[in-house]
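My notes follow, in the order I looked things up.

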Amino acid sequence: MINTIWLMLWLIAINICCFILLGLHLLRKHYQESKFNNRKELYKERTESSWRDYFLNDGPLPVSSIPLRKEEIEGYEELSYIYVYSVTSESTSQKLHLIAKKYLGNHYEKLLNSKRKGPRLKALARIEDYGNIEILKEGNGADKKTKTKEELLLLLSIYSKYDETTFRELFLKYESSITEYECRKMFNHLSKHALTSLISQFPGLESHSRYALIDTLSIKREFEYIPFLKGLVNDNDREVRIRGAKALYTMGIGDEEVCFKLADSQSWEEKFMAAKLAQYTNFNRVKDILFQLLEDREWKVREQAARTIARHRDAGFWVEKYIESSSDQYAVGILREIMEREGSGSWTG
Amino acid sequence: MITVVKTASLFNVEEIRPFFELSKASIRRSRQPFTILILKLHVEIDASSRTALVQFLAKQIRLTDILFHIDEQNALGLLLTESGASEASALLNRLEERKPIPDTPVTSCIIEIRNESVELHQVLKLGIGAIQEEGLHRIHDFEEQKTEEIKVSIVEENSMFRRVLATTIESIHVKGIELKVQLFEDGQAFLESDWLKSAHTHIVIMNDVLPRRNGIDILNTIRQMPNQQKFFVFMMTNNKSEEEMILSFDRGADGIFIKPFNIRLFEAQIKRTCKRLWR
């Protein structure tokens, strides 16, 4: 009995000691962290204006402000954040690259070779910001076998910005592990040349990459992409046809052949796009399909067809004629309503 | 239907004084300088030619311009209430091309007025002095305008970015304008500040995403204020979406900066906004 009490007391004493040690350890960590943060804030305060002068106003390189210790590097990263994401000047990105390559290379190399994922991701994120991809080419990046999904995405994003050839190789290799949204984000950085190269590989791409590529082309608004986008109307994939039509619509390109083809489809989405695209074409050439779509089973298609007819200035005569002769009271109703609300001045009802 | 018939009214110097005072009083509010143009013929002409000349001048000027004569000098004056010196110069060129008495030498003097404390007799004295010699004269003595204070608010969460923008704005120098900058880190602080309540022209530069009240919300509030016209609102955004940009312009934004933007472009746009205030 006495032994058990002694054992209990010993256990309590050991626990108390452990708690005291843990508390001391936490206090020490807290002290170290606040000291680290104070030094970082001091560095930021001391160097903020010289970096601003260097990055934005063609000031001299502030040699005394170049970060050497860990807290200074963190401070520099926080300061440079605004020159990456908020304001730039003519040569800001070259200067950011120069500093990262010349003075921070070793630091990021160490982080890239870390066993923990966090530091590796951090290094990749900064490389994406500063463009110092030379480090990756020295055996720290693309050819490394063990890569998490996050690392892969960061690598692809880096290469999409700074090395399109490596991007293409890496992208085709890991295409299936990337989502459509991620593809779109990366394609957005690519040059016209790299996008044209991806267009040439379009049939071999996976569907999510194809969709992302079409959406990207519509945002880029380059005339060179128009024939390719028009050709998508003959694709076997319904989603590709719809997205191709949407891209043409976004770019403001009308084409009667595309309208005819889409209007003939079984899906209402394609017919809807046919009605939308018809507003950029000559009314007389597309009026037959527009009046045909006005009687479609799907009300969204009918409404869009009516809206497109209303936007054409020379539609008035044909609208009168249609209203007189049509037996589809729903179509006549929606056409009347939209012509009154949105129609060109020639329509008197 | 109201028809305005333009007649060749010719005033004397005393009669134009109230118009001069009125134009002077509205310089600051309308930010519009006005000009007096004095024309002197160096040959004697008969009464009918003089009438023809007056009729011709009356036809060439705007309804807001006033034609007057300066008796003892054989001179005519034009009070151009809505024109600066450059427009007066263009008018002179037009008159020169179309003048009814072709070979008559005319001396002219352009006096632009931006200074609210000037008196009519001072202007005429200098003008009459100048036209004694042949040629085209320009008097700059009354172009000095009072410095106008313009408020600039920067509403941005990131303190370092706020300071970068403030430093850039403080480095902008526009003649006759002084920029007073104030920084806010969230939308609510900006809307609750007394800084907002004044008659000054106010340039607001703000992020679309802000703590407490976001940028679009602030924009809506500003545009619902009775004195909303004094605000020039520039939005900063990371969003490249065209729909979002259209929405911002619809709500009343005067400009949008997509981040990261070139600081020189930003500077040029703010400078241009300041310069455009004065015609």
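I started with the largest pocket, which holds about 1700 Å³ of space. I kept in mind that this is a predicted model.

Next I asked which residues lie nearest the centre of the largest pocket. They are A:Lys185, A:Asn188, A:His189, B:Asn238 and B:Lys240, out of 45 lining residues. I noted α13(A) as the giver of the largest share, six residues. By type, I have the lining down as 16 nonpolar, 14 polar and 15 charged residues.

**Core and domains**

I looked up the largest nonpolar core and found 146 residues in it. A:Phe187, A:Leu229, A:Leu294, A:Leu335 and B:Ile113 touch the most other members. I saw that α7(A) gives the most to this core, seven residues. Where does the core sit relative to the two domains of chain B? Both domain 1 (11-139) and domain 2 (148-277) give residues to the core, so it lies between them. I also checked the C-alpha centres of these two domains of chain B, and they are 41 Å apart.

**An annotated stretch**

Last, I turned to residues 6-27 of chain A, which an unreviewed UniProt entry annotates as "transmembrane region". In the model I find this span to be 100% helix and 0% strand, with its end C-alpha atoms 31 Å apart.

Methods
Residues are numbered from 1 along each chain as its sequence is written. Chains are lettered from A and ligands numbered from 1 in the order in which they are written. This is a predicted model: local features need pLDDT of at least 70, side-chain atom pairs count only at pLDDT 80 or more; totals for chains, interfaces and linings use all residues. Side-chain values use heavy atoms; hydrogens and water are left out. On a 1 Å grid over the protein atoms alone, a cavity is a set of points where a 1.4 Å probe fits but cannot get out, and a pocket is an open set with protein on both sides within 12 Å along at least five of seven lines; lining residues have an atom within 4 Å of a point. Grid points are joined across faces, edges and corners, and a volume is the space filled by probe spheres set on the points. Helices (H or I, at least four residues) and strands (E, at least two) are DSSP runs, numbered from the N terminus. Ala, Val, Leu, Ile, Met, Phe, Trp, Tyr, Cys and Pro count as nonpolar, Asp, Glu, Lys and Arg as charged, and the others, Gly among them, as polar. Domain bounds come from an automatic or database domain assignment. UniProt positions are given in the numbering used here, feature names are shortened, and annotations may be inferred rather than shown by experiment. A nonpolar core is a set of buried Ala, Val, Leu, Ile, Met, Phe, Trp, Tyr and Cys residues joined through side-chain atoms within 4.5 Å. Buried means under 20% relative accessible area, exposed over 50%, partly exposed in between (1.4 Å probe, protein chains only).
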